[in-house]
Amino acid sequence: MKRLFIFLCVLATLTGCVYEISLDKNKNLYVNRWIHDNMSALYYWNDELPAYKSSYANPEIYFETLINKEDRFSAIFSDYKEIINKLNGVTASDVGFEFELFRESSANSNIVGIVVYVKPGTTASIMGIKRGNMFRKINGKQITIDNYSGLINTFYDATTKVAVTFSDFNGNTFVDRSATSITKVLNYKEDPVYLDTVYTIQDKKIGYLVYNFFTTDSGDETMYYDLKMNNTFGAFKQANITDLVIDLRYNSGGMATSAIHLASMLVPNLTANKVLTYTDYNQNYTDYFNSEEFKQQYDVNPFIDNFATAIEVEKPSKHSYPVQNIGDGLQRIYFLTGRSTASASEMVINGLKPYINCVLIGDTTVGKNVGSTLVYDEENTKKNRWAMMPIILKYFNKDHQSDFTNGFVPDYLIQDDYAHSLGDTREALLAKAISQITGVQQAAQRIKRLPITATPFSGVKILNKQRGLVVEKFLNK
């Protein structure tokens, strides 16, 4: 979909400003009509859309007037190229670590950031920034409820460096360190396969995978990331693992294709006709997908996603790679979950539940049982650079179950303590999984916890978190 250029009148005459504002209003009128037209065709709740009325409002504001009261996830973006890159894990400018935000105290409006993982190959990783590091200031300014959005955006804006003030908690108060200047990485391509390893503990061989978002590749259409994930499961198979832990605690979703491939590597008795999900669309698309016109053009069933037995690659040359399935050797799968676990992650869990015991450890997931597609104005990107991801479908597993709008509640509720690196067997969620597998409780560890008054702050909206389930299929044609 397209994005609108917003023109700002800097150092212009009053007359010039009036002209530019008028130009923006006309663009808004065009974009808002485009938004309504596409929502009328695609939106899952299109039968409840208000009738079109011409509007000069900012497209983001106009878009919100169309959102159904049941819809928590449809999103709009001002630059289609940027969101395409984000969905592929590509950031124009990246600070080099992922983080979560917390309220410092109910008594003030301060926000504390906590590093949850550091991205490989970035300046932040070379500087020794680690999981669990806390920060309270950005470019010398205290982060608060009122200013967090603008300050966090400096992690990803066009500037080359950002100053971050890390802090220690001494049991009573935060003690700020000297500001750290971090050089950002340009055009950073984040690999979703963050960590994979095999632990041999007692008589168990435990495979562990940290997978942070779903995308097939960085946008070059090579399926590189899915093939890397496939190779990881091939290595697990070669190692004869007896048990598997998949860490999705920071995985907020991504492409349906990658979700299908991951689920296909995990399901017992993999066959091409086995159902992963059923899909429900609005009446427009239901009628179209059932039409003879569609059936003559496409040899697929858009109402069903089956497990995949191969990964089909077109670039750099056409090739078919067999899926490295390990489901037959597993009795259960341990999924580590968190407050960010959503969409494609939940699709995998929901789709596998009828076939294998899925044990969830961590926190309650988001509860996104719906999917979206990326829409932008491909024929008129100069006039309209906006993009949107409207909800277009609801998905169900093979037993037609989709009853997790409040999220999947974990079998074992464990706080993410940030005390140890991901992959450290003492880390709280992984340690719980290992103890369930081996029957041996880990020795008690001294855990660095958040200040007792800190509570998660869910107000933050950061572009690289908007990785809802993307449905490629045919709807982007």
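Which hand does the crossing of H7 and H10 have? In this predicted model, the crossing of these two helices is right-handed. Two packed helices are described by the angle between their axes and the distance between the axes. For H7 and helix H10 (residues 344–352), the axes come within 9 Å and cross at roughly 35°. On the H7 side the contact involves Ala259, Ile260, Leu262, Ala263 and Leu266, which meet Ala344, Met347, Val348 and Leu352 of H10. By class, the residues of this contact comprise 9 nonpolar, no polar and no charged.

**The six-stranded sheet**

An open sheet of 6 strands runs in the order E11-E12-E13-E18-E19-E24, and its pairing is mixed. Strand E11 (193–201) and strand E24 (412–413) are the edge strands; each has a single partner strand, so one side of each lacks a neighbour in the sheet. Strand E19 (residues 357–362) pairs with E24 in the parallel sense, over 2 bridges, and Leu413 in E24 is the bridge partner of Gly362. Helix H6 (residues 224–238) packs on this sheet, where it touches E11, strand E12 (204–211) and strand E13 (243–247). Helix H7 (residues 256–266) also packs on the sheet, in contact with E12, E13 and strand E18 (332–337).

**The three-stranded sheet**

A further open sheet consists of 3 strands in the order E1-E22-E21, with antiparallel pairing. Its edges are strand E1 (75–77) and strand E21 (375–376); each has a single partner strand, so one side of each is without a neighbour in the sheet. E21 pairs with strand E22 (residues 387–389) in the antiparallel sense over 2 bridges, and Tyr376 stands opposite Ala387 in E22. Helix H3 (residues 80–87) packs on this sheet and touches E1, E21 and E22.

| H6 (residues 224–238) | E11 | about 5° |

**Helix H11**

Of the 11 residues of helix H11 (residues 428–438), 10 are buried, so the helix is largely enclosed by the rest of the structure. The buried residues are Ala428, Leu429, Leu430, Ala431, Lys432, Ala433, Ile434, Ser435, Ile437 and Thr438. Their cover includes E11, E12, E13, E18, E19 and E24, the strands that make up the six-stranded sheet. At the start of H11, a side-chain oxygen of Glu427 reaches to within 3.2 Å of the backbone nitrogen of Leu429. Just after the helix, Gly439 adopts a positive phi of about 80°.

**Two individual residues**

Is Asn325 buried or exposed? Asn325 lies in the loop between strand E17 (319–322) and E18, and it counts as buried at 11% relative accessibility. The side chain of Asn325 reaches the backbone oxygen of Ser264 at 2.8 Å. Not counting residues up to four places away in sequence, Asn325 touches Lys237, Ser264, Met265, Leu266, Val267 and Leu270. Among these contacts, Leu266 also takes part in the contact of H7 with H10.

Gln238 is located in helix H6 and is exposed, with a relative accessible area of 68%. The C-alpha atoms of Gln238 and Ile326 are separated by 10.0 Å, although these residues lie 88 residues apart along the chain.

Conventions. Residues numbered from 1 in each chain as written. Predicted model: local features only at pLDDT ≥ 70, side-chain atom pairs only at ≥ 80, totals over all residues. Heavy atoms only, no water. Pairing = 2+ DSSP bridges. Helix = DSSP H or I, 4+ residues; strand = E, 2+ residues; numbered from the N terminus. Contact = heavy atoms within 4.5 Å. Axes fitted to C-alpha atoms, helices over the stretch in contact; angles between N-to-C directions. Left-handed = near helix turned anticlockwise from the far one by under 90°. Nonpolar A, V, L, I, M, F, W, Y, C, P; charged D, E, K, R; others polar. Buried < 20%, exposed > 50% of the residue type's maximum accessible area, 1.4 Å probe, protein only. Polar contact = N/O pair within 3.5 Å; in protein donor to acceptor, adjacent residues only side chain to side chain.
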